[in-house]
Amino acid sequence: MRKEWKVKIIVLFLALLSFIGSLNGGFYLFKNSHLIFLTILFAFLIFLGDIIEIRVSPHVIMSLCSVFIFASILTIPLPLIPLTCTIAITASEFFVHKRVWYKALNNISEFVLSGTLASLVANFFITPGDFELNLATALALVLGAITYSAVTTFLIALVVSQAEERSFPDVWLHWVPGEQNILPFITLVLLGILFAYLFNKNFIAGILCLIPLALVYLAFKKNQDLEATVKEVLMALAKALDSRDFYTFEHSQRVATYAKMIGEKMKLNIKDLEAIESAALLHDLGKVNTPDEVLLFPGHLDEEGWKVIKLHPRVGADILKCLTILKDSTDLIHSHHEHVNGSGYPRGLKGNDIPLGARILAVADAYDAMRSERPYRKAYTREEAIAEITKYKGKYFDSEVVNTFLEILDEFPLLGERETYQNKFSEEKLSTRNDPSSNERK
Ligand SMILES: [Fe+2]
Ligand SMILES: [Fe+2]
């Protein structure tokens, strides 16, 4: 069966479960009509939360709906949880986010099932709408939050593992850890508790507490937008730099693709993968400082020229060090030309003193540099490039990274632009090649 259909069948099955839960909620509400106001209010709040998204890292976006799903778990009876979640998330997915049907259904089911199971667990310890801030409530919330998080990541992993034909435990473990997900999630749960507590004590106080919440969100969003904009500008600058040197056009994008694939194979967590990807996209940013006559020099550089080129890792790191959003990438950029035997630059770091992400970048960077045409030499063939990387394994390149690189090399996408440039220059008889890492402008 084609993988897209496998994914769609899983999504439809999960949606059916959510629908049954909502139908049950509908019957419950019919018999308990005094709860209509609370159901509508929480459905509205969850809807509002779902349309407000926060980017907690370059690739992880969280919506604020978890705040109100948790508040609803503490406030309304269990059968109404799937109903409120279904109404709210359906409205936001189809009418605000306008996602395609299977993605929308997947998101709806994720929230409905995780919210319902978390409510089921919490209900062992507390009665919704009648709880105090005591040990039983704390236990209900901790176990409810763990259930909510486990079910959400389980469902994401189920769909992603089928869509990408990867092993389920691998994908699940990949999603579960990482403080970049856990800390914002705990914050959302705590805000949910605060809102529910105030709301259950005094309706007006609960509603009023949404005002500071909205103000904190707006301040956070403004700061985040600013950081995202600065990052976008830097990415555009890095892209422009790649285009400045005709021979390295889109080099950084290819290095990012390769480095991320190596990191994934080495089972690095999402946070590290994101740092590597951002570092790869910006690794040669420091060349902004390199004059054209050095960068585009159509031959082998002399000592003076190399001195200038060798400044670029430090210059790149200096430019980025004040950006908190890229704080984990800065050291990788600073170290992407270090060699494990200590012969690299700018600091001559050795072995594990070089961050793992930088050791990965070094292999991806060298491979792409060799595979690209340069004014002073022809492109290496795939086999020649592999032979060079293998030759310098344990000397310039980390052995484990090289082994992983060799394992997944066949999966590297053939990136079209590189082939175009190679063809364009294939007739030219270019000079002989040198050592790929020590004398290569990567
Ligand atoms: Fe570089
Ligand atoms: Fe490079």
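Reply: A residue is buried if 20 or more other C-beta atoms lie within 10 Å of its own, exposed if 12 or fewer, and partly exposed in between, with C-beta atoms placed from the backbone. The structure is a predicted model, in which local features need pLDDT of at least 70 and side-chain atom pairs count only at pLDDT 80 or more, while totals for chains, interfaces and linings use all residues. Residues are numbered from 1 along each chain as its sequence is written, and chains are lettered from A and ligands numbered from 1 in the order in which they are written.

Me: Why is Ser-278 called buried?

Reply: Ser-278 has 27 other C-beta atoms within 10 Å, and the definition asks for 20 or more; Ser-278 is therefore buried. Ser-278 lies in helix α12 (residues 270-282), helices being DSSP runs of H or I with at least four residues, strands runs of E with at least two, both numbered from the N terminus.

Me: What makes α12 mostly covered?

Reply: Of its 13 residues, 11 are buried, among them Ile-270, Leu-273 and Leu-282.

Me: Why is α2 called roughly antiparallel to α3?

Reply: Helix α2 (residues 36-51) and helix α3 (residues 65-75) pack at an angle of about 160°, with axes 7 Å apart. Axes are lines fitted to C-alpha atoms, for helices over the stretch in contact, and angles run from 0 to 180 degrees between N-to-C directions. Angles under 35 degrees count as roughly parallel, over 145 as roughly antiparallel, 65 to 115 as roughly perpendicular and the rest as oblique; α2 is therefore roughly antiparallel to α3.

Me: Where is confidence lowest and where is it highest in the protein chain?

Reply: By pLDDT, the predictor's confidence in each residue from 0 to 100, the lowest mean is 39, in helix α20 (residues 416-425), and the highest is 95, in α17. The protein chain averages 83, and 88% of the residues score at least 70. Where pLDDT is low, the predicted coordinates should not be read in detail.
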